[in-house]
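Okay everyone, I've got one structure to walk you through today. Have the sequence and the 3D view up while I talk.

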Amino acid sequence: MRPPPCLAVFLAVAAVLSSGIAQAEESQSPAVSHSMMFEQPHPFSRAEARERIQQLLDYWSSRWGIRRDWHGDSVSVQGWVMGVFIDAELVVGDHWVSASASDPGLFLRNAAFGYVSGKLRKYLHPSYQEG
């Protein structure tokens, strides 16, 4: 029996941003080393690009319970997804958005990279409208 598509997406998000095997308690967050890098160009003002990234983060928050904390044009993304601690950093620039996240390992790396790259392309595409 195949897992539902939303489960596959959920696992890809967790894998892309994961920092390792989850601890028993949230207060025992593992040390994180960001080793996966993403960069997506955009044609918008920095303010509009930031708004579009906020829409993506709102989706991840409502879907997976991810927390985010903005500091100027940078946002830290953290949370637990299916027992995996997620920690990433996104930066909105004048003509690009970059992100760094923990490497989920050999078996999930390509799927995770494709998922996050695809979401950045989608939300930063000029014709994308949230609806």
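**The core and what surrounds it**

So, the largest nonpolar core has 26 residues, and Ile53, Leu90 and Leu120 have the most contacts inside it. By nonpolar core I mean a set of buried Ala, Val, Leu, Ile, Met, Phe, Trp, Tyr and Cys residues joined through side-chain atoms within 4.5 Å. Buried is under 20% relative accessible area, exposed is over 50%, and partly exposed is in between, with a 1.4 Å probe and protein chains only. Which elements give two or more residues to this core? They are β2 (36-41), α2, β4 (74-81), β5 (84-92), β6 (96-101) and α3 (109-123). Helix α2 gives the most, with six residues. Helices (H or I, at least four residues) and strands (E, at least two) are DSSP runs, numbered from the N terminus.

Quick word on the source: this is a predicted model, where local features need pLDDT of at least 70 and side-chain atom pairs count only at pLDDT 80 or more, while totals for chains, interfaces and linings use all residues. Residues are numbered from 1 along each chain as its sequence is written, and side-chain values use heavy atoms, with hydrogens and water left out.

Now take Leu120. Leaving aside neighbours within four places in sequence, Leu120 is in contact (heavy atoms within 4.5 Å) with Phe38, Gln40, Ile53, Leu56, Leu90 and Val97.

Strand β2 runs antiparallel to β6, and six bridges join them; strands count as paired if DSSP finds at least two bridges between them. Gln40, for instance, has Val97 as its bridge partner in β6.

Also in β6 is Ser98. Is Ser98 buried or exposed? Buried, because its relative accessible area is 15%. Not counting residues up to four places away, Ser98 touches Phe38, Glu39, Glu89, Leu90 and Val91. Ser98 and Pro41 are 57 residues apart along the chain, yet their C-alpha atoms are separated by 8.6 Å.

Over in helix α2 (residues 46-64) we find Gln55. Gln55 counts as buried because its relative accessible area is 16%. Beyond four places in sequence, Gln55 touches Tyr123, Tyr128 and Glu130.

Last stop: Phe107, in the loop between β6 and α3. Phe107 is exposed, with a relative accessible area of 81%.
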